[in-house]
Amino acid sequence: MKRYGYPPKNSSAADVIKRLLHGARHWAFVGLSDNPERTAYDQARLLQARGKRVIPVHPAAATVLGEPGYASLAEVPDPLDVVAVYRRAELAGESVDEAIAAGAKAIWLPLGVIDEAAAERALSAGLDVVMDRCPGVEWALRRDA
């Protein structure tokens, strides 16, 4: 099972992760609600503190961390550099398919969210994919890079 990342040809998983963390500006967080006890909230706040625009995507479409929420990825009017999917693994594939349809450039599946088939669909559509990795941990590992 591949878990580290799915880089494009001529690139390593570490390069993809570094590029997304340092270069991608718009991060949609599927499953992000205004509950500060949830991992998605913590990770979104961390990326926002590092200059990323965080776009909440949740059926409640609530404002989170000062950003207006959207009920689906299709409703987001902004470009989607990265779609982070904070849903159970068995539901992640649907969000990955929505991200592909919405024109996202990359998918990030956090720790414990593993869907090989969805990752392969995203790769086939030309997206970068990171799976079973925590953005906060990866940021800390690359803070000097």
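Predicted model: local features only at pLDDT ≥ 70, side-chain atom pairs only at ≥ 80, totals over all residues.
**Notebook: sheet, helices and aromatic rings**

I began at W27 and found V54 of β2 standing opposite W27. Strand β1, residues 26-30, pairs with β2 in the parallel sense, and I noted 5 bridges between the two. My terms here: two strands pair if DSSP finds at least two bridges between them. Helices (H or I, at least four residues) and strands (E, at least two) are DSSP runs, numbered from the N terminus.

Residues are numbered from 1 along each chain as its sequence is written, and side-chain values use heavy atoms, with hydrogens and water left out.

**The sheet**

Next I looked up the strand order. I read β2-β1-β3-β4-β5, an open sheet of 5 strands with parallel pairing. The edges are β2 (53-57) and β5 (128-131), each pairing on one side only. From one strand to the next, the twist averages 20 degrees.

Then I turned to the helices on the sheet. Helix α1, residues 13-23, packs there and touches β1, β3 (82-85), β4 (106-109) and β5; I noted about 100 degrees between the directions of α1 and β5. Helix α4, residues 116-124, also packs on the sheet, touching β4 and β5, and its direction makes about 160 degrees with that of β5. Axes are lines fitted to C-alpha atoms (for helices over the stretch in contact), and angles run from 0 to 180 degrees between N-to-C directions. Contact means heavy atoms within 4.5 Å.

**Which residues of α1 are buried?**

I listed A13, V16, I17, L20 and L21. These residues lie on the same side of α1, because they cover an arc of only 120 degrees around the axis. The arc is taken over the directions from the helix axis to the C-beta atoms. "Buried" stands for under 20% relative accessible area, "exposed" for over 50% and "partly exposed" for anything in between (1.4 Å probe, protein chains only). What do the buried residues of α1 pack against? I found β1, α2 (39-49), β3, β4, β5 and α5 (135-141).

**β4 and its neighbours**

I checked both faces of β4 and found them covered: A106 and W108 are buried on one side, I107 and L109 on the other. β3 runs parallel to β4, joined by 3 bridges, and V82 has A106 as its bridge partner in β4. With the strands pointing away from the viewer, right-handed means that the path from the first strand over the helix to the second runs clockwise.

On to β5: 4 bridges link it to β4, again in the parallel sense. The unit made by β4, α4 and β5 is a right-handed β-α-β unit.

I stayed with A106 for a while. The relative accessible area of A106 is 0%, so it counts as buried. D128 in β5 stands opposite A106; the two are 22 residues apart in sequence, with 4.5 Å from C-alpha to C-alpha. Setting aside neighbours within four places in sequence, A106 is in contact with L20, D81, V82, V83, L127 and D128.

**Aromatic rings**

How many aromatic pairs does the structure hold? I got 3. One of them is F29 with Y86, which is stacked at 5.4 Å centre to centre, with 15 degrees between the planes. This pair links distant parts of the chain, 57 residues apart: F29 sits in strand β1 and Y86 in the loop between β3 and α3. Rings of Phe, Tyr and Trp (its six-membered ring) pair if their centres lie within 6.5 Å; planes under 30 degrees apart count as stacked, over 60 as edge-to-face and the rest as tilted.

F29 is buried at a relative accessible area of 0%, and Y86 counts as buried at 14%. I also noted one aromatic cluster, formed by W27, F29, Y86 and W108.

I placed L65 in the loop between β2 and β3, and D132 in the loop between β5 and α5. Is D132 buried or exposed? I have it as buried, at 13% relative accessibility.
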